[in-house]
Amino acid sequence: MRLAKIIACLIVVYILAAFVPKLETVFNVPVNWPQPHYSFERNPIDSSKIYLGRALFYSSLLSRNNKISCASCHSPYASFAHTDHALSHGIDDKIGSRNAPALVNLAWSNSFMWDGAINHLDMQALFPITHPLEMDETMQHVVEKLHVNRPFPKLFYAAYKDSSITGERVLKSISQFMLSLVSAESKYDSVMRNKSEFTLQEKNGYRLFKMHCASCHAEPLFTNYSFQNNGLAVDDHLQDLGRMKVTHAAKDSLKFKVPTLRNIEYTHPYMHDGRFKNLTQVLMHYSSGITQSSTLANQLKKDGIPLSPNERVDITAFLLCLSDKKFIFNPSNDYPKELLFDK
Amino acid sequence: MKRILSLILAQIIVYCSNTFAQSSSQLELEIIPIAGAHELSSEKCFSSAGDSICIDVMKMYLTGFQLLNKGVTVWSEMQSFHLIDLNKPESFALKIKIPNQLIADELVFNLGIDSITSVSGVFGADLDPTKGMYWTWQSGYINVKIEGTYKSKEGVIKSFIYHLGGYQQIENALQTLKFKIDQLNSLKFYFDVQKLITSEIVKQQPNIMSPGKEAVALSLRTKSCFNLAK
């Protein structure tokens with residue numbers, strides 16, 4: 001009898017569930033882009049959670065001395081990278097060991113940090129929050145501070161419909177904001193959508209790019225998310241072996257994540273240690289500065305990428321087509337100034 | 001209309017939950033931390049080969065509880081993640097809901113977090129990163145965290161830190177434990193810390209804080225620490 005009741009319940013639930021409205025999502029995949037890697041099922045996109053995540057991203061409460069926020073090293077005007085320092089500038093003026101990367105199109109990324117040490121976007125923020133050279137705080141203390149500091153209790157309530165603040169909610173909210181950082185409105189995108197045209201120089205740069213660069217910096221995200229040794233000489237001071245630190249495998253020595261080239265105009269300096277100040281230096285490295293080693297990317301083994309000065313200029317012209325000014329100057333990505341006046 | 005349907009649906013779910021709830025009973029599991037033949041004292045110190053070892057922190061994840069009958073799984077706990085903490089005695093008593101009139105002759109559980117959970121992002125409750133059991137510099141849960149101090153006969157004092165974890169292939173430190181059982185009301189397990197932390201181990205390698213073969217080797221020893229009380 002009880003079994004019959006249970007089965008009847010399940011049938012009714014199944015029928016009624018079809019009528020219940022589904023959660024509205026605001027995550028749009030740009031035309032002709034692949035499906036994101038991030039699984040939204042456990043963290044459905046919601047505008048109030050994005051807003052909370054944005055407030056957390058810009059909050060210095062996440063650091064031990066309440067002076068450093070995520071945005072300290074990830075400025076919206078640098079496509080959420082950091083242009084002032086080759087290596088991350090952290091708490092108490094400490095300097096880290098890697099260049100702060102751009103935060104853009106992260107929903108498509110399957111690992112995080114230059115060496116892929118972090119396996120999920122939700123867990124990414126834990127690294128800088130707890131790193132002694134970055135924010136040097138604990139998640140327990142962050143949660144305690146958020147409980148007693150305006151406007152967070154109100155923002156958590158608005159996002160989660162109750163006032164509970166947990167580590168899980170903090171991290172998922174920061175993920176929500178980072179997921180919202182989609183850049184797909186560059187000139188390149190406009191050309192691909194037949195709404196604009198490259199100049200002759202940009203067109204030649206695009207041709208050269210596809211010939212020499214696109215195997216790693218694959219369209220439309222301009223990365224294939226792999227780890228490669230791109231022939232940089234080891235920095236004597238940093239002694240950074242890259243991916244090998246995570247996998248402990250010799251085959252991964254000196255390999256670093258292939259970064260996206262979107263908004264590259266704004267994300268200088270370049271490389272994992274910020275050693276190149278401009279694109280000219282980057283292209284000179286690929287054409288004449290490759291350091292040979294056993295793990296070097298196959299594409300670079302024959303003396304790198306031979307490029308004439310004119311070709312380097314044309315490739316640069318194309319790379320500038322990846323700038324998305326709408327994204328860079330989007331006020332929705334900026335510091336939520338209105339919270340300063342929150343009562 | 002949609003609002004009304006949502007309310008009806010909620011009522012039915014509550015009714016169904018109650019119906020299910022009535023058909024479940026409770027398995028009580030108690031973990032008793034011991035050091036050799038003695039219960040771990042309130043100071044959490046014990047002797048090993050004449051040296052003294054004191055435990056400051058001892059936390060571990062017991063997960064993936066299953067009941068088997070004649071080798072076949074008859075029940076698995078959903079969201080089965082339990083953090084036990086030496087400094088929170090209440091965490092050593094687990095009350096797990098199981099279906100009524102279940103027949104089982106074996107209990108299986110894991111010591112640590114499985115690899116799928118390890119790559120699936122952030123979770124709450126006992127898996128919340130605020131519990132201090134998630135590595136922040138490289139993704140992955142710490143399955144077992146034991147920290148303390150060692151004092152040799154000669155008076156040398158040394159601290160030790162064991163953060164055992166790792167979920168990838170050969171670095172997978174998760175341990176699965178199986179125990180034959182003859183009833184499903186309450187089960188008591190002894191966790192003998194002396195089988196894991198000895199003066200010899202502390203002297204040889206006082207710190208293991210990242211995934212790797214050392215963490216796997218020490219994790220293997222944790223299996224022998226658990227014994228079902230007769």
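In this predicted model, the charged end of Arg243(A) is placed over the ring of Phe227(A), at 4.2 Å from the centre of that ring.

**Aromatic pair in chain A**
- The ring centres of Tyr206(A) and Phe318(A) are 5.0 Å apart and the ring planes stand at 25 degrees, which is under the 30 degrees used as the limit, so the pair counts as stacked.
- Because Tyr206(A) belongs to helix α10 (residues 200-212) of chain A and Phe318(A) to helix α13 (residues 309-320) of chain A, the pair ties together parts that are 112 residues apart in sequence.
- Both Tyr206(A) and Phe318(A) are buried.

**Aromatic pair in chain B**
- Tyr61(B) and Tyr141(B) form an edge-to-face aromatic pair, with 6.0 Å from centre to centre and 90 degrees between the planes.
- Tyr61(B) is located in strand β4 (residues 51-69) of chain B, while Tyr141(B) is in the loop between α2 (115-118) and β9 (142-151) of chain B, so this pair ties together parts that are 80 residues apart in sequence.
- Tyr61(B) counts as buried because its relative accessibility is 0%, and Tyr141(B) counts as buried because its relative accessibility is 2%.

**Aromatic cluster and helix packing in chain A**
- One aromatic cluster is formed by Phe57(A), Tyr58(A), Phe80(A), Phe177(A), Phe327(A) and Tyr335(A).
- Helix α2 (residues 47-57) of chain A packs with helix α8 (residues 167-179) of chain A at an angle of about 100 degrees, their axes being 7 Å apart, and α2(A) and α8(A) are therefore roughly perpendicular to each other.
- The residues of α2(A) in this contact include Ile50(A), Leu52(A), Leu56(A) and Phe57(A), and those of α8(A) include Val170(A), Ile174(A) and Phe177(A).
- By class, the contact of α2(A) with α8(A) has seven nonpolar, three polar and two charged residues.

**Make-up of chain B**
- Chain B contains four helices and 14 strands, and its C-alpha atoms fill a box of roughly 75 × 40 × 35 Å along the principal axes.
- Of the 230 residues of chain B, 51% count as buried.
- Among the contacts in chain B with a separation of 6 or more, 75% are between residues 24 or more positions apart.

Methods: Residues are numbered from 1 along each chain as its sequence is written. Chains are lettered from A and ligands numbered from 1 in the order in which they are written. This is a predicted model: local features need pLDDT of at least 70, side-chain atom pairs count only at pLDDT 80 or more; totals for chains, interfaces and linings use all residues. Side-chain values use heavy atoms; hydrogens and water are left out. Rings of Phe, Tyr and Trp (its six-membered ring) pair if their centres lie within 6.5 Å; planes under 30 degrees apart count as stacked, over 60 as edge-to-face and the rest as tilted. Helices (H or I, at least four residues) and strands (E, at least two) are DSSP runs, numbered from the N terminus. Buried means under 20% relative accessible area, exposed over 50%, partly exposed in between (1.4 Å probe, protein chains only). A charge sits over a ring if NZ of Lys or CZ of Arg is within 6 Å of the ring centre and within 35 degrees of the ring normal. Axes are lines fitted to C-alpha atoms, for helices over the stretch in contact, and angles run from 0 to 180 degrees between N-to-C directions. Angles under 35 degrees count as roughly parallel, over 145 as roughly antiparallel, 65 to 115 as roughly perpendicular and the rest as oblique. Contact means heavy atoms within 4.5 Å. Ala, Val, Leu, Ile, Met, Phe, Trp, Tyr, Cys and Pro count as nonpolar, Asp, Glu, Lys and Arg as charged, and the others, Gly among them, as polar.
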